[in-house]
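Open the model in your viewer and keep the selection tool ready.

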Amino acid sequence: MNRSEMREQAFVLLFEKEFFADKPVDEIEEIYSENVLPLSEYAKELFETAIQYRPEFDEIIEKYSNGWKLNRIPKVNLSVLRLALCEIMYMNVPENVAINEAVELAKKYSGKEDFSFVNGILGSYSRSK
């Protein structure tokens, strides 16, 4: 399994957590592993780290989303953004790689133009550092 596929696993877990907020992280991981694919260690670490630092990521997303409140941003986009911020801030993934991978996930899973929104927020964050 390549890194993009592992990242996609983490994205699916984050997205699922949006709908099952009360479900424990380990239960979500177990359901995925039993019903989809065995969960990679990278995906597991990325998912758990993204959950741990979610409030920090949400502050950044709100700051760079030009007045959009989190509850107005599609859950798919929030999951992609949190994942990318996690990789940049805590997983030592180069910013350009994390941003490109986030854009590709948004193209695959989100609305037709949403990848531009994702790219804009992550690009603004990256330039501000």
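The tour starts with the ground rules, then visits the core, a charged network, a helix pair and the surface.

This is a predicted model: local features need pLDDT of at least 70, and side-chain atom pairs count only at pLDDT 80 or more, while totals for chains, interfaces and linings use all residues. Residues are numbered from 1 along each chain as its sequence is written, and side-chain values use heavy atoms, leaving out hydrogens and water.

**Stop 1: the core**

Select Leu46, Ile61, Leu83, Leu85, Val118 and Leu122. These have the most contacts inside the largest nonpolar core, which has 40 residues. Such a core is a set of buried Ala, Val, Leu, Ile, Met, Phe, Trp, Tyr and Cys residues joined through side-chain atoms within 4.5 Å. Buried means under 20% relative accessible area, exposed over 50%, and partly exposed in between (1.4 Å probe, protein chains only). Helix H5 gives the most to this core, with nine residues. Helices here are DSSP runs (H or I, at least four residues), numbered from the N terminus.

Now show the surroundings of Leu83. Leaving aside residues up to four places away in sequence, Leu83 touches Arg7, Ala10, Phe11, Leu14, Leu46 and Leu105; contact means heavy atoms within 4.5 Å.

**Stop 2: the charged network**

Select Glu18, Arg54, Asp58 and Arg82. A network of salt bridges links them. A salt bridge is a side-chain nitrogen of Lys or Arg within 4 Å of a carboxyl oxygen of Asp or Glu.

Which helices does the pair Asp58 and Arg82 tie together? First check the distance: their salt bridge is 2.7 Å, N to O. Asp58 lies in helix H4 and Arg82 in helix H5, so the pair ties together parts 24 residues apart in sequence. Arg82 is buried at 4% relative accessible area, and Asp58 is buried at 10%.

Asp58 also bridges to Arg54, with the closest N and O atoms 3.5 Å apart. Arg54 is partly exposed at 29%.

Glu18 sits in helix H1. Glu18 is buried at 16%.

**Stop 3: a pair in H6**

Select Lys107 and Glu104. Their side chains form a salt bridge of 3.7 Å, N to O. Both lie in helix H6, three residues apart. Lys107 is partly exposed at 45%, and Glu104 is partly exposed at 39%.

**Stop 4: a loop**

Finish on Lys69, in the loop between helix H4 (54-64) and helix H5 (75-90). Lys69 is exposed at 51%.

Key:
Helices (H or I, at least four residues) and strands (E, at least two) are DSSP runs, numbered from the N terminus.
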